[in-house]
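Visitor: Please show me the structure, and let us go through its contacts by question and answer.

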Amino acid sequence: MRIRSDWSLERLLEQARDVSPTESVRHAISVTLDFVASAPKTRFRGGRQLVELLQTAHKEANRNGDDPAIERLHDAIAYAEGRMIRIDIEEKYALFSGSRRDESLIRLASQTALIAAEYWTRVAEEYLEEHPDADAGQLLQRVRQIGAEAAFMDARRDRPGRYRIASGRSDMATWLERLFSERIDIEDARTAARRIVTSPDALEILANDADGRILLQAADLQRRRTGLMHLRKVVEDPASAERHIHNAISGQSWIFGGRFIGEAHRRRLVAGDEVDIPLLRADGSLHIVELKKAMIPVVRRHRSAWVPTADVHHAIGQAINYLRNLDEQRDRVRQDYWIEVRRASAIVLIGHPQAQPKVPELEISETLRTHNAHLSRVEVLTYKELLDAAERSLGEPDES
């Protein structure tokens with residue numbers, strides 16, 4: 001992925017620094033600005049280190065509840081990674097006084113919207129003609145599917161001036177990108193995956209070579225085992241904080257089961273709340289994961305029974321507040337991010353039996369399971385329960 005660094009990004013960071021009331025946030029942004037301006041030959045310095053500095057400043061702003069800086073830093077990361085365009089950034093934050101959008105760009109946007117409307121209308125008509133009993137949900141699912149495939153459009157050699165959207169490329173590209181980025185040392189995994197899935201020759205090889213598929217699947221399985229072993233090591237380390245666990249579990253959505261297709265790009269969907277891991281189901285609905293410390297007690301003795309600790313109740317309350325805020329702003333979230341948050345659910349990961357060696361593991365599990373039975377949208381799991389389930393899903397490793 002090419003990281004973008006230019007005058008617009010520099011001006012946005014300066015504005016974020018100026019509006020921030022927090023000294024530590026201003027300092028983090030100033031460090032990032034110094035890095036941007038430190039290029040020896042070019043005016044602006046970028047690269048992965050720039051993104052890491054932006055993320056550090058963003059976390060500091062979140063920690064201090066610095067909303068003006070949070071929004072600008074979030075958009076700065078998106079802009080650097082190419083997920084927002086320059087004109088939108090400049091217009092949204094009025095980065096340059098007296099500047100206004102080029103009229104030709106307005107006409108281009110208008111023509112693009114018109115062409116897109118005509119195209120999607122034709123898609124809907126053709127789908128309904130083939131599936132007259134389809135409901136609105138099925139039609140929307142078809143639109144989302146084609147939209148995902150559109151990112152991998154190519155031009156056919158035998159039909160100059162015509163373009164093609166091939167079915168199945170988005171799923172293959174996502175799989176290849178994860179394989180390249182997490183198992184093979186390829187700097188720009190996304191570009192490599194895109195090049196392969198849009199190459200007719202490469203597509204044919206991948207589709208027809210059974211041995212190749214088995215080899216890649218084996219590599220992917222080994223990657224999962226390695227990631228799981230690392231996560232277990234982090235979880236069982238008494239010195240690990242929540243951020244260490246988050247770093248180790250990030251990008252491993254498979255651990256939570258086959259119901260989820262991955263993580264949402266945006267963790268902050270409503271003002272004031274940033275979830276730890278936003279998982280997406282195949283239908284576009286949200287499931288949030290709240291991470292807490294692993295090596296803390298999760299049950300205590302109350303008279304003649306075991307009950308959850310105050311830490312567990314606090315974590316559940318935090319998750320419930322997230323869900324309530326998402327419910328209240330459901331329409332805006334769906335409109336802005338295409339994520340369905342109505343009746344979203346949550347998992348709270350907290351505790352580990354090793355933190356309470358004198359309490360039988362069975363008692364911990366049964367206490368939390370009994371408590372979960374009285375909750376409708378939040379489930380509490382220990383890290384050991386999650387990791388053991390993920391390990392079972394991988395099957396027994398080959399001992400030969």
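Visitor: Which residue forms a salt bridge with E71?
Guide: A salt bridge here is a side-chain nitrogen of Lys or Arg within 4 Å of a carboxyl oxygen of Asp or Glu. For E71, the closest N and O atoms of the pair are 3.3 Å apart. The partner is K92.

Visitor: How many residues apart in sequence are the parts that this pair ties together?
Guide: E71 sits in helix α4, whereas K92 sits in helix α5 (residues 86-92). Helices are DSSP runs of H or I with at least four residues, strands are runs of E with at least two, and both are numbered from the N terminus. The pair therefore links parts separated in sequence by 21 residues.

Visitor: How many salt bridges does a search of the whole structure find?
Guide: This is a predicted model, in which local features need pLDDT of at least 70, side-chain atom pairs count only at pLDDT 80 or more, and totals for chains, interfaces and linings use all residues. Residues are numbered from 1 along each chain as its sequence is written, and side-chain values use heavy atoms, with hydrogens and water left out. The search finds 20.

Visitor: Are α1 and α4 roughly parallel or roughly antiparallel?
Guide: The axes of helix α1 (residues 7-19) and α4 come within 9 Å and cross at roughly 165°. Axes are lines fitted to C-alpha atoms, for helices over the stretch in contact, and angles run from 0 to 180 degrees between N-to-C directions. Angles under 35 degrees count as roughly parallel, over 145 as roughly antiparallel, 65 to 115 as roughly perpendicular and the rest as oblique. α1 and α4 are therefore roughly antiparallel.

Visitor: How many charged residues does the contact of α1 with α4 have?
Guide: Contact means heavy atoms within 4.5 Å. α1 contributes S8, L9, L12, L13, Q15, A16 and V19, and α4 contributes P68, A69, R72, L73, D75, A76 and Y79. Ala, Val, Leu, Ile, Met, Phe, Trp, Tyr, Cys and Pro count as nonpolar, Asp, Glu, Lys and Arg as charged, and the others, Gly among them, as polar. By class there are 10 nonpolar and two polar residues, and the charged ones number two.

Visitor: How many charged residues are in the contact of α3 with α4?
Guide: Helix α3 (residues 48-63) packs on helix α4 (residues 67-80) at about 160°, with axes 9 Å apart. L54, Q55, A57, H58, A61 and N62 in α3 meet A69, I70, L73, H74, A76, I77 and A80 in α4. The contact divides into nine nonpolar residues, four polar and, as for charged, none.

Visitor: At what angle do α2 and α3 pack?
Guide: Helix α2 (residues 23-36) and α3 have axes 9 Å apart. The two are roughly antiparallel to each other. Their angle is about 170°.

Visitor: Which strands stand at the edges of the five-stranded sheet?
Guide: The sheet is open, with mixed pairing and the order β3-β4-β5-β8-β9. Two strands pair if DSSP finds at least two bridges between them. Each edge strand has a single partner, so one side of each lacks a neighbour in the sheet. They are β3 (260-263) and β9 (378-381).

Visitor: What is the bridge partner of A346 in β9?
Guide: Strand β8 (residues 340-349) and β9 pair in the parallel sense over four bridges. The partner of A346 is V378.

Visitor: Which residue takes a positive phi in the hairpin of β6 and β7?
Guide: Strands β6 (residues 299-302) and β7 (residues 305-308) run antiparallel, joined by four bridges. Two residues lie between the strands, and the phi is near 55°. The residue is R303.
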